[in-house]
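Me: Let's walk through this one by asking and answering. Start with the ground rules, please.

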Amino acid sequence: MTRIAAVHKVLAPYRHPQRAVTDMVEASVPGENRALLDRLHASARVRSRCTVLPLDAYQQLSGFGAANDAYVAAAEKMAAQALDGALESAGLPPDAVDLLVFVSTTGVAAPSIDARLAGALGLRTDVTRLPLFGLGCAAGAAGIGRLHDYLRGQPGHTAALVSVELCSLTFQRDDTSMANLVGSALFGDGAAALVARGQEAPDPWPATGAASGTGRGTPGPTVVASRSRFYPDTERAMGWDVKDSGFRIVLDPGIPDIVRTHLAADIDAFLAGEGLTRGDIGTWVCHPGGPKVLEAITSTLELPDGALDVTWDSLAEVGNLSSASVLHVLEDTRRRGPRPGTLGLLLALGPGFCAELVLLRW
């Protein structure tokens, strides 16, 4: 099994109450109705968010190129901070990393951000790199699955996953669509890194010392299995339209209906393959896709009261960080200390439209 040795969370440097972001959107979108913005931003159930630039700097971005330059500069710095923190928590040097997976869908770079980390952090020159673009909010869960696939074949190796999402840089000032306004109410900027080890990799901490992984206190979980699920003919449910001004959000209001139609049967089939049912799951590590999506997940899975409290708390504190969010929720769940032996299901949804599922055991 794959052992999650550490997760490290990073937030962008500028934190704002939700109302300050609402003010910025009103000033940025010509003729927008303040009462509508207030309703949308209040219904998102987000109290505060972090951005990579001060709010007044977004008016100065002059198109896709300027926004993407800001993305590359900040993503490199935040990715390095996240991976360095995760390796330190895992008790591992940078040259222990055999595979580095980088996920992001809010900017582009060539060479990719993971390549820029190699020299900055001292990764080996033979490290295997795998940059992934386009999985959106699902990429954090998908990345864990791909690490698990790799470590099953290389059980003595160490793999790292880095996510950076700077959603604020994709905001479109000339887009009065409901999708853009809803996105302006939900998304924030953040990063995370996860370090995982194969079952034959030696433990860096002495047996008599603190438990290994995720902060040297409470151990992280192991990955039991993962599954991907793609839903045909849903390509316009979520994603980007790439324009001269940058990434213009596609966000279909029917996403909760996709969840209600498919998710329970997909999870049941996945768990049945492991000889389990939903009743065996003690912790739910869910991406904070927004109130309507979380309500649909809760109702269709018939989750008990409080099952998604960690997710709701993350949404309120930092908003939706796209692929980084589920990693933040995973670390927040670990800090609450699930009992040893507890089974968890980590899940995220993203463009495609798709679901990514990861079965965990503490």
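Reply: Helices (H or I, at least four residues) and strands (E, at least two) are DSSP runs, numbered from the N terminus. This is a predicted model, where local features need pLDDT of at least 70 and side-chain atom pairs count only at pLDDT 80 or more, while totals for chains, interfaces and linings use all residues. Residues are numbered from 1 along each chain as its sequence is written, and side-chain values use heavy atoms, with hydrogens and water left out.

Me: OK, histidine 262 then. Which residues is histidine 262 in contact with, leaving aside its neighbours within four places in sequence?

Reply: Histidine 262 sits in helix H7, residues 255–272. Its relative accessibility is 27%, so histidine 262 counts as partly exposed (buried is under 20% relative accessible area, exposed over 50%, partly exposed in between, with a 1.4 Å probe and protein chains only). Contact means heavy atoms within 4.5 Å. With neighbours within four places in sequence set aside, its contacts are Arg229 and Tyr231.

Me: How are H8 and H9 arranged relative to each other?

Reply: Helix H8 (residues 291–301) and helix H9 (residues 309–318) pack with axes 12 Å apart, at an angle of about 180°. Axes here are lines fitted to C-alpha atoms, for helices over the stretch in contact, and angles run from 0 to 180 degrees between N-to-C directions. Angles under 35 degrees count as roughly parallel, over 145 as roughly antiparallel, 65 to 115 as roughly perpendicular and the rest as oblique. H8 and H9 are therefore roughly antiparallel.

Me: What about H5 and H10, how do they sit relative to each other?

Reply: The axes of helix H5 (residues 139–153) and H10 come within 6 Å and cross at roughly 70°. In H5, Ala139, Gly140, Ala141 and Ile144 meet Ser323, Val326, Leu327 and Leu330 of H10. So H5 and H10 are roughly perpendicular.

Me: How many residues of helix H10 are buried?

Reply: H10 covers residues 323–335 and is mostly covered. Its buried residues include Ser323, Val326, Leu327 and Leu330, and these meet H5. H10 is followed by glycine 337, with a positive phi near 70°. Of the 13 residues in H10, the number buried is twelve.

Me: And what do the buried residues of H6 pack against?

Reply: In helix H6 (residues 178–186), seven of the nine residues are buried, so the rest of the structure largely encloses it. The buried ones are Ala179, Asn180, Leu181, Gly183, Ser184, Ala185 and Leu186. They pack against H1, H2, strand S3 (48–51), S10, H8 and H9.

Me: Now the core: where does the largest share of this core come from?

Reply: A nonpolar core is a set of buried Ala, Val, Leu, Ile, Met, Phe, Trp, Tyr and Cys residues joined through side-chain atoms within 4.5 Å. The largest one has 51 residues, of which Val52, Leu83, Leu100, Val162, Leu166 and Leu169 touch the most other members. Elements that each supply at least two of its residues include strand S1 (2–11), helix H3 (64–90) and strand S6 (158–166). The largest share, 14 residues, comes from H3.

Me: Last one: what is phi of aspartate 233 near?

Reply: Aspartate 233 lies in the loop between strand S8 (222–230) and strand S9 (238–243). Its relative accessible area is 73%, so aspartate 233 is exposed. Phi is positive here, in a residue other than glycine, and near 65°.
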